[in-house]
Every structure is written in C-alpha cells, then in structure tokens.
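Welcome! Here is a short tour for a reader who is meeting this protein for the first time.

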Amino acid sequence: MVKKLYLVRHGETQFNKLDIIQGSCDSKLTAAGREQAASCGRLLKKEGIKFDRIFCSIALRARETLSYITDQEYTYLSQLKEWDFGLFEGEGQCLQRPEVFNNLSPDFYAQFGGESLTDFQKRIDGAIRDILTDTGDNFLVVAHGCVNWAFFEMAVKPDNAPPVKFTNCAVQVYRQEGEQFIYERTLDPLSEL
C-alpha cells in the first residue's frame, strides 16, 4: 500500500521577519504568515487532497498555521518540534548564514545546550515513520523548516536531491513505498499570492 505524506512548514513568524533564530522558542505568525497559511489551505483544497490523519508540532506557529489550512481534527506531537539550537535561539539569523550552517559539525549545537544533528534526525525520522503506521493513505504534517529539510535529506539523500526550497508554507509531497520515501514535488502556495 502506498501512503502519501504532505509536509508543510509553518507560515512567516515575527522572528522570521526580524531574522531571529527560533528553534524551540516560539513567535506568532505575522499577517503575511496567516495569509500564506490560508493560501496553503486553498491550494490543498484546489488539488483535491483529503487527509486521513493530520499531525502538528506543538509550537504555536505550527498550530496557528494549521488552523488556517484546515479545521479537521489533528494530533500534535512534541517529536515534530523544531531543532533545538540551544544558546543560539533568540539571536540574529546572521549566526546561521548558509555558508556557516551548511558546514557545521553534527554536534555543534549540543555544545551550546541544543540538540545534535544526529539526535534531531533520529527524532524526526522516528516521528514520521510512527505517523505513517497509522491507518489511512494521506497524511498532513505541519512542522518547521529544519524538520522538513532533515526529513528531505534522509529520504532523498543529498547526492540525488533536486533543488528544493523550504519556504514558509511550502508543501513537500512524498510517497512511502515499503520503508522507502520518494520525494514527488513541492507545492508552493506563495506562487498563489
């Protein structure tokens, strides 16, 4: 049986707008973030996708995003929370410029009270695999940029990865065949705005 996973990043937050590292700390959606989330909901509805089960990070920004996407019942899971960046949280995004972030050692954030990349990836992989053991064919998961990036990296493997952007409210679509996940496409509700 083939299952589909729709993995959504939350809408723009106040911290995103101010270029502040969020991680496990939280901030509310901006007006633009609420419109992004509503646009995501309209796009999923236009695509005709019906979700059998919906899961969401415990973070306010993810739950707020989900409330604009659908009014279906959902389960929130702490395992879907964003990567814990330790002392870097609440600091300027300049500390995570791509040329720095992409070259960090896997244990970098652990030394500052955060989570190692290995622990983070295990948590995300385990959470999503557990979710897909549930009954149903179509699963919606609303989470975070690094959650979506980490799952993509594990599922697709960087050597075979097409270029993908994990923008606010982007929807990465995967199908599960046995133990393998196949990336199908990204739905971009921002192109609808």
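Where is the place of Tyr76? Tyr76 sits in strand β3, a strand being a DSSP run of E with at least two residues, numbered from the N terminus.

## About the model

This is a predicted model, in which local features need pLDDT of at least 70 and side-chain atom pairs count only at pLDDT 80 or more, while totals for chains, interfaces and linings use all residues. Residues are numbered from 1 along each chain as its sequence is written, and side-chain values use heavy atoms, leaving out hydrogens and water.

## Helix α5

Let us turn to a helix (a DSSP run of H or I, at least four residues). Helix α5 spans residues 117-131, and its 15 residues reach 21 Å from first C-alpha to last, close to the 21 Å expected at 1.5 Å a residue (1.5 Å times one less than the number of residues).

Leu117, Phe120, Arg123, Ile124, Ala127, Ile128 and Ile131 of α5 are buried. They lie on the same side of α5 because they cover an arc of only 130° around the axis, judged by the directions from the helix axis to the C-beta atoms. Lys122 and Asp130, on the other side of α5, are exposed. Here buried means under 20% relative accessible area and exposed over 50%, with partly exposed in between (1.4 Å probe, protein chains only).

## Around Gln22

Gln22 lies in the loop between α1 (14-17) and α2 (31-46). Gln22 counts as buried because its relative accessibility is 7%. Leaving aside neighbours within four places in sequence, Gln22 is in contact (heavy atoms within 4.5 Å) with His10, Thr13, Phe15, Asn16, Ser27, Arg61 and Glu89.
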